[in-house]
Each structure stands twice: as structure tokens, then as C-alpha cells.
Amino acid sequence: MTGNATQTSLRGNSDGFVARFDPDGQLVFSSYLGGSNKDSANSVAIDPAGNTASEDFVTTAGAYQKELRANCPYPSSTVVTGIIGTFTFFEMDDGFVTKLDAAGNLVFSTYLGADCYDVPGAVAVDANGNMWLAGTTNSNPFPQVNPFAVGPAWSRYKAFVSELDASGSTLKLSSYLDVGSSPSLAVDRFGNAYVAGPGASDTVLVAKIPPPAAPAALSIDGVANAFSHRSGRVAPGEIIMVTADGLAPANAIDLGFSPAAPLPRELAETQVLFDGEPAAIISVKPGAVVCIAPYGLAGKPQTAVQVIFRGTASTAFVAPVGIELGLLSADGSGRGQAFARLRDGSLNSADNPAPAQSTVTFCFTGSGVLEPSCPEGGVAVDAKPVDGVLAPFAISSVTTVPGGVCGLYQVQATAVTASGTFQIWVVASGGVQSNVLTYVVKR
């Protein structure tokens with residue numbers, strides 16, 4: 001370490017480091033980069049002013065992300081030993097980008113990541129000093145700005161690409177990317193980014209990403225299951241949440257999951273189109289609209305989603321079509337305590353546990369159209385039995401929800417025999433799993 005180092009001593013189990021040498025090989029500066037845990041620096045790039053950008057830790061005022069996000073609800077990896085059981089590993093890392101000037105002084109530093117395991121592995125700087133990063137993540141959702149791909153399945157991994165402005169304060173673009181894992185990155189003199197990663201059968205996948213255009217008046221930032229909040233496939237009849245910059249209704253309107261009448265195709269001057277077909281809308285608020293994916297998506301490989309607000313249409317976001325389960329949580333976040341009703345209709349909680357072996361009812365969406373006679377955007381009349389969904393413990397029935405919007409289903413299951421807090425998830429045929437929530441039982 002040199003005397004002008006930003007960080008002169010090791011702070012954790014391991015830290016990254018950055019060093020600069022002059023053309024004669026003489027050390028100009030050398031500094032640790034890290035905190036009190038395990039940190040690593042994976043890549044370095046030089047901008048036109050001679051500054052250095054290094055990845056992985058430390059934050060400054062005005063940074064895009066000042067705090068570490070580490071609250072992952074699922075494991076990053078599992079190892080089946082076959083002898084002493086299965087080891088489950090929860091790893092929760094964020095990347096960071098640190099910029100130093102030519103003398104080694106700290107210019108800015110920001111985290112970039114979400115709640116799970118985010119590992120940037122490549123960085124490049126364009127002619128305007130904007131920083132492009134590429135890496136691998138199993139966070140869903142990961143920060144999204146002008147995205148063009150959906151996120152990974154539950155506890156799986158996917159590549160991402162992001163662009164920060166020259167000050168490190170604004171995320172100009174960020175999206176999942178279908179280029180395999182451990183992507184590499186380069187930029188050209190026009191500001192285009194090139195990301196490459198390993199494909200199947202010894203192939204290489206390459207994507208060219210132009211610099212983002214001027215911000216549009218209306219742009220989609222994400223298409224997700226409204227219950228799990230996870231970006232992924234769109235199932236026919238699924239309750240979908242579309243987030244969009246520029247969506248600014250004068251008043252938020254929420255018709256609820258048990259509306260008094262069939263849902264409208266336009267609400268608060270807003271429409272959502274799937275391949276040009278208007279969807280039934282449940283709610284609209286600044287930045288987000290919740291709707292029902294049309295039944296007509298069945299059999300399609302993908303769908304183009306657009307938001308129209310006050311006559312202005314967003315660019316299309318293309319999402320694959322398929323099962324994408326989500327369990328309803330008590331607070332609507334997609335995490336923690338499930339929205340679980342006991343036999344008397346009250347909600348399950350630590351203060352209102354389910355009696356052991358009693359019936360508990362959970363709500364979910366995203367399984368596809370299980371009951372075609374329940375009209376799209378309509379309201380279910382009674383609890384009609386449906387098939388195609390499993391759960392990790394004894395099920396008494398899977399039905400539509402009386403008075404609930406079509407596309408909303410309920411699982412009635414038998415609580416475990418022990419006391420405590422237990423996990424619940426649902427699985428569709430083909431092994432597609434929902435988010436994992438909890439419920440409370442008292443023996």
C-alpha cells in the first residue's frame with residue numbers, strides 16, 4: 001500500500017485492491033478496496049480522463065446505491081452429497097463500482113445489486129465516461145432500467161448488463177441478458193456495448209447493446225407476477241404487475257382482487273396491451289399497473305407488452321409465455337408471511353396461529369388458465385375445483401376464489417402437526433415453483 005491509498009489496511013476476511021503503475025513500471029499508487037466482510041475486485045478500465053474504474057465496494061455521497069442489499073429468500077446453491085445429506089448455501093453479495101482519479105484519490109463509489117447473489121465480472125468505460133458492467137445474478141428482481149429480457153427462475157442464475165453515468169449516481173440502463181453465465185464486455189467508440197458469454201454445445205452468445213436513447217415519455221421497467229414481484233414468463237390469466245416510468249395518473253385507483261363487476265380494459269386513462277389486445281385492469285397508480293394477462297396468450301412462445309397512458313404508447317417489452325407461479329403474501333411484497341386464511345376466515349399470523357392439522361387457505365396466480373369457464377377479467381361465482389397444482393404438504397382442494405377475479409386461485413391444505421413457523425410454496429406440473437412464504441402453526 002502507498003501513502004496516498006484510499007484504504008491503507010485490510011478491513012475484512014479479504015479485500016479487493018487496485019494499483020497503478022507508470023509506463024516505466026514504477027508504482028504510482030496502490031490501495032485496498034473493501035469492508036468488514038469478504039470483498040473482491042474483478043475488473044478494471046480506464047476512462048478518457050485517465051481515471052480508473054474498479055468493481056466491488058465502498059460508497060460515497062450521491063452514489064446510485066449507498067447500502068448493501070442482502071435479504072435473499074432462497075439459496076444461491078445446493079450440494080447433494082448422497083452420504084451426509086444436502087448442503088444449502090445462502091450467499092448475498094452486491095457488486096460495486098469505485099472510481100479513482102489518476103493519483104488514486106476516491107472520486108465516487110456505489111453498490112450495484114439486489115437482495116441475492118450479484119457478481120459483476122467485467123467493466124468498460126465509453127468515450128463519455130459512462131460505465132458499462134456485465135455479470136451474473138440470481139436476484140429477481142435485479143435493478144431494471146429500459147430492460148429487454150426477463151429474470152431467472154427461482155434460485156437460478158442469469159447474466160445482466162448495466163450502464164451507470166459518469167458520476168456514478170444514475171443507472172441509465174440495466175437488464176437481464178440471455179448470454180449464458182460469466183459474460184465478458186467491451187464498448188466501441190460509438191458507445192455500443194458488446195456482451196459475450198458461453199452458450200450450449202461450445203457456442204458463444206454475443207449481444208450488441210446500443211447506448212440508451214433520450215428517456216422516453218413512457219417506458220416499461222418491468223413485467224412481473226403481481227404476487228411474487230418476480231420478473232419472468234407471462235402465463236395466460238396471470239395477475240401481472242407492469243412498472244413504467246412516465247405512468248402518472250392523477251389519482252390511484254384499485255378495484256381489488258374481489259371487484260364488484262367485471263374488470264375494465266381501461267382505467268385511469270391507462271391501458272396494457274399484450275400483442276395489441278387490451279388486458280383487464282385491476283389497479284393503476286403512479287409507476288405501476290396491475291392487470292390480467294389475456295387467455296389468448298396460450299400456445300404463444302412470447303408476447304409483446306405495451307402500456308398506453310393518455311394516448312402515449314411505450315415501446316414494447318417482449319416476455320416469454322409460460323407458467324410463472326406466485327403466492328400472495330400478507331403485505332403484498334411477495335415475501336415473508338403468507339396471506340393465509342384460517343377455517344374461521346381470519347388471517348394467519350404469529351398472534352393468530354393455525355391449529356395443528358387444521359385447514360389453511362393460500363392464494364396464488366400464474367398457473368395458466370385452470371378454469372376456462374371463468375371469463376377473462378370476470379369474477380368467479382363459486383369455488384370450482386381445478387387441477388394442475390401441487391404443494392409441499394397435504395392438499396384438500398385447489399379451487400377458484402368465490403368473488404375473486406378469474407386467474408386468482410386458492411389452495412386449501414392441512415397444517416403440519418408441530419408448532420412454529422413453516423414454509424409454504426406451490427408447484428405446477430413441470431416443476432415450476434412459486435416464491436416461498438411462511439405461515440404459523442400452534443400445536
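**Close-up views of a predicted model**

When the bonded cysteines of the protein chain are numbered in sequence order, their pairing reads 1-2, 3-4. The model shown in these views is predicted, so local features are reported where pLDDT is at least 70 and side-chain atom pairs count only at pLDDT 80 or more, while totals for chains, interfaces and linings use all residues. Residues are numbered from 1 along each chain as its sequence is written, and side-chain values use heavy atoms, with hydrogens and water left out.

**View 1. A disulfide joins Cys72 to Cys116.** The structure holds 2 disulfides, a disulfide being a pair of cysteine sulfur atoms within 2.5 Å. In this one, the sulfur atoms of Cys72 and Cys116 lie 2.0 Å apart, and the link is right-handed, with 90 degrees about the S-S bond. Cys72 sits in the loop between strand E4 (52-55) and strand E5 (77-80), and Cys116 in the loop between strand E8 (106-112) and strand E9 (118-125), so that distant parts of the chain, 44 residues apart, are linked. The labels follow DSSP runs numbered from the N terminus, in which helices (H or I) have at least four residues and strands (E) at least two. Cys72 counts as buried at 11% relative accessibility, and Cys116 counts as buried at 1%. Here buried means under 20% relative accessible area, exposed means over 50% and partly exposed is in between, with a 1.4 Å probe and protein chains only.

View 2. Cys291 is buried, with a relative accessible area of 0%, and Cys363 counts as buried at 4% relative accessibility.

**View 3. The rings of Phe362 and Tyr439 form an edge-to-face pair.** Rings of Phe, Tyr and Trp (its six-membered ring) pair if their centres lie within 6.5 Å, and planes under 30 degrees apart count as stacked, over 60 as edge-to-face and the rest as tilted. By this rule there are 7 aromatic pairs. Phe362 and Tyr439 make an edge-to-face pair because their ring centres are 5.6 Å apart and their planes stand at 80 degrees. Since Phe362 lies in strand E29 (residues 359-365) and Tyr439 in strand E35 (residues 437-442), the pair ties together parts that are 77 residues apart in sequence. Phe362 is buried, with a relative accessible area of 1%, and Tyr439 counts as buried at 0%.

**View 4. E35 belongs to an open sheet of 3 strands.** Two strands pair if DSSP finds at least two bridges between them. The strand order in this sheet is E28-E35-E33, and the pairing is mixed. Strand E28 (354-355) and strand E33 (420-424) stand at the edges, each with a single partner strand, so one side of each is left without a neighbour in the sheet. E33 and E35 pair in the antiparallel sense over 5 bridges, and Phe422 stands opposite Tyr439 in E35.

**View 5. The largest pocket has a volume of about 530 Å³.** Of the 23 residues that line this pocket, the closest to its centre are Asn146, Pro212, Ala213, Ala216 and Ser219. A pocket, on a 1 Å grid over the protein atoms alone, is an open set of points where a 1.4 Å probe fits, with protein on both sides within 12 Å along at least five of seven lines, whereas in a cavity the probe cannot get out; lining residues have an atom within 4 Å of a point. Grid points are joined across faces, edges and corners, and a volume is the space filled by probe spheres set on the points. E16 gives the most to the lining of the largest pocket, with 3 residues.
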